Amino acid sequence: MNGEYQIVLESDKEQATKRQWKLGSFKEFTNEAGLRALFAEFLGTFMLVLFATGGINPRIIARLNDSGTTDLFNFSTSFGVGMTVCLMIYLCADVSGGHVNPAISLMFFLDTQISFIRMICYIFVQFCGGFAAAGLLWGIGDFEGLPDFAPPTFEDFNVIRVIIFMVAGSWMMILVTLAAIDARRGHADCFLQPFAIGMSIHIALLFMGPYVVTGLNPIVICWYIVCGAWTHHLWAFGLLPFLGTATAVAVYNGILRPYKA
């Protein structure tokens, strides 16, 4: 793979002088490559929400409850989400970088790999894809008579616990992603990198699931909004992944980034 998942090998001194945030321009999307990148992010996020959320929608949960086969539900859903992310990265990486997550787009911006304008445009089309998939899923799902599938409220979960689990899960995803795509670690681009990223999400969600019952992608709020779950504290699930991402990028570049002797 190539594009945003590549980092040119340079001396630390040279890289330090070149690493700076870029504003960018909307002209980045006035050509075929830019438009293809936006469509790839839209499609990748659309498919991620459609299939990942489709595996944990109210109808699935109601059927599991009726059959009493919920023992492996947390494992299967976290694995399914992680592998869906992996597949979407395979699909989109060479066109757009395969972000399919606003938090990942923020990571690339903070790591000076994309411009601010590109980050904003990616996040916009990602939410468009998320709402489109959530609307389609709700429209064809025939969920009438089933219990609402809504995120937990802070009456159900401790605020501090929610913050800790969301930030810790984001650290797992972001630190592994940065390590997997960092050519300074001596590994070339390969098809194992999306797998490593997907597995990091699987492990993080497996850890978080019993306590927080939500994902590491702010796009998850699209499904809850479409379901009419406005009364819940969606800000936590929409904003905390960004907080975790910002701190994780700082930790990686400040401590874990490989240095030459």
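Reader: Which residues of helix 8 are buried?
Author: In this predicted model, the buried residues of helix 8 are Q193, P194, I197, G198, S200, I201, H202, A204, L205, M208, G209 and V212.

Reader: How far apart are the end C-alpha atoms of helix 8, and what should the helix span?
Author: The ends are 29 Å apart. Helix 8 covers residues 192-212, and its 21 residues should span 30 Å at 1.5 Å a residue, so the two values agree.

Reader: Where's the kink in helix 8?
Author: At L206, shortly before the proline P210. The kink is about 30°.

Reader: OK, zooming out. How many helices and strands does the chain have?
Author: 10 helices and 0 strands. Running from the N terminus, the elements go α-α-α-α-α-α-α-α-α-α.

Reader: And how much of the chain counts as buried?
Author: 52% of the 261 residues. The chain exposes about 12,600 Å², with carbon and sulfur atoms supplying 68% of that.

Reader: What share of the contacts comes from residues 24 or more positions apart?
Author: Such pairs make up 83% of the contacts with a separation of 6 or more.

Reader: What about the largest nonpolar core, how many residues does it have?
Author: 55 residues. The ones with the most contacts inside it are M107, M166, M173, I174 and I201.

Reader: Which elements give two or more residues to this core?
Author: Helix 2 (32-54), helix 4 (73-96), helix 5, helix 6, helix 7, helix 8, helix 9 (220-226) and helix 10. Helix 7 gives the most, with 10 residues.

Reader: What is I174 in contact with, leaving aside its neighbours within four places in sequence?
Author: A103, I104, M107, T245, A248 and V249. There's also a second, separate core of 7 residues, which includes F29, A37, L38 and C121.

Reader: Switching to helix 5. How many of its residues are buried?
Author: 9 of its 9 residues. They are P102, A103, I104, S105, L106, M107, F108, F109 and L110.

Reader: What covers them?
Author: The cover includes helix 6, helix 7 (159-181) and helix 10 (234-256).

Reader: Which residue caps the N-terminal end of helix 5?
Author: N101 does, with a side-chain oxygen 2.8 Å from the backbone nitrogen of A103. Just after helix 5, T112 takes a positive phi of about 60°.

Reader: And where does D111 sit?
Author: In the loop between helix 5 (102-110) and helix 6 (116-141).

Reader: Is D111 buried or exposed?
Author: D111 is buried: its relative accessible area is 3%, and the cut-off for buried is under 20%.

Reader: What does D111 touch?
Author: Not counting residues up to four places away in sequence, D111 touches R19, L178, V249 and N253. The side chains of D111 and Q113 are also joined by a polar contact of 2.6 Å.

Reader: What joins the side chains of N253 and D111?
Author: A polar contact of 2.9 Å. N253 is found in helix 10.

Reader: Why does N253 count as buried?
Author: Because its relative accessibility is 16%, and buried means under 20%.

Reader: How far is N253 from L178, going by C-alpha atoms?
Author: Those atoms are separated by 9.2 Å, while the two residues are 75 residues apart along the chain.

Conventions. Residues numbered from 1 in each chain as written. Predicted model: local features only at pLDDT ≥ 70, side-chain atom pairs only at ≥ 80, totals over all residues. Heavy atoms only, no water. Helix = DSSP H or I, 4+ residues; strand = E, 2+ residues; numbered from the N terminus. Buried < 20%, exposed > 50% of the residue type's maximum accessible area, 1.4 Å probe, protein only. Polar contact = N/O pair within 3.5 Å; in protein donor to acceptor, adjacent residues only side chain to side chain. Contact = heavy atoms within 4.5 Å. Expected span 1.5 Å × (residues − 1). Bend = angle between axes of the 7 residues up to and from the residue. Areas by Shrake-Rupley, 256 points an atom, 1.4 Å probe, with all protein chains shown as cover. Core = buried A, V, L, I, M, F, W, Y, C linked by side-chain atoms within 4.5 Å.
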